[in-house]
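Biologist: Please put the model on screen. I would like to go through it in short questions.

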Amino acid sequence: MSEENHEKITVFVNDKPIRIFFGMRVKHAIGARQTRAVQTHHAQLRDADGNDVDVDGALYAGERLYIVETNPKEYAEEI
């Protein structure tokens with residue numbers, strides 16, 4: 001039987017604390033609806049420094065994520 005880490009960490013999504021198991025991904029912290037919004041360019045996901053964050057990215061304790069709604073038509077002009 002393999003040893004599993006059941007430690008929980010706290011991350012912040014739009015300044016709201018979320019307790020999540022160590023090893024889970026960003027998409028687990030933000031939830032399915034917000035993940036879909038990011039994937040369809042209806043929202044942008046950024047860290048506390050303003051960097052874009054991938055929904056499949058790893059999390060660390062104390063990380064701050066911010067979800068901002070966007071207009072997908074405006075996003076298309078940036079590409």
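Predicted model: local features only at pLDDT ≥ 70, side-chain atom pairs only at ≥ 80, totals over all residues.

Biologist: In what order do the elements of the protein chain run from the N terminus on?

Modeller: Helices (H or I, at least four residues) and strands (E, at least two) are DSSP runs, numbered from the N terminus. The protein chain has three helices and four strands. From the N terminus on, their order is β-β-α-α-β-β-α.

Biologist: Which are the edge strands of the sheet?

Modeller: Two strands pair if DSSP finds at least two bridges between them. The open sheet has four strands in the order β2-β1-β4-β3, with mixed pairing. An edge strand pairs on one side only, and that applies to β2 (16-21) and β3 (43-47).

Biologist: Which residue in β2 stands opposite Val13?

Modeller: Strand β1 covers residues 8-13. β1 and β2 pair in the antiparallel sense over six bridges. Opposite Val13 stands Lys16.

Biologist: How many residues apart in sequence are the parts that Arg64 and Asp15 tie together?

Modeller: A salt bridge is a side-chain nitrogen of Lys or Arg within 4 Å of a carboxyl oxygen of Asp or Glu. Arg64 and Asp15 form one at 3.2 Å, N to O. Arg64 lies in strand β4 (residues 64-69) and Asp15 in the loop between β1 and β2, so the separation is 49 residues.

Biologist: Where does Asp56, the partner of Lys27, lie?

Modeller: Lys27 and Asp56 form a salt bridge, with the closest N and O atoms 3.0 Å apart. Lys27 belongs to helix α1 (residues 26-30), so the pair ties together parts that are 29 residues apart in sequence. Asp56 lies in the loop between β3 and β4.

Biologist: Is Asp52 buried or exposed?

Modeller: Buried means under 20% relative accessible area, exposed over 50%, partly exposed in between (1.4 Å probe, protein chains only). Asp52 meets Arg46 in a salt bridge at 2.9 Å, N to O. Arg46 has 28% and is partly exposed. Asp52 has 61% relative accessibility, so the residue counts as exposed.

Biologist: What share of the 79 residues of the protein chain counts as buried?

Modeller: The under-20% cut-off applies here too. By that count, the buried share of the 79 residues is 28%.

Key: Residues numbered from 1 in each chain as written. Heavy atoms only, no water.
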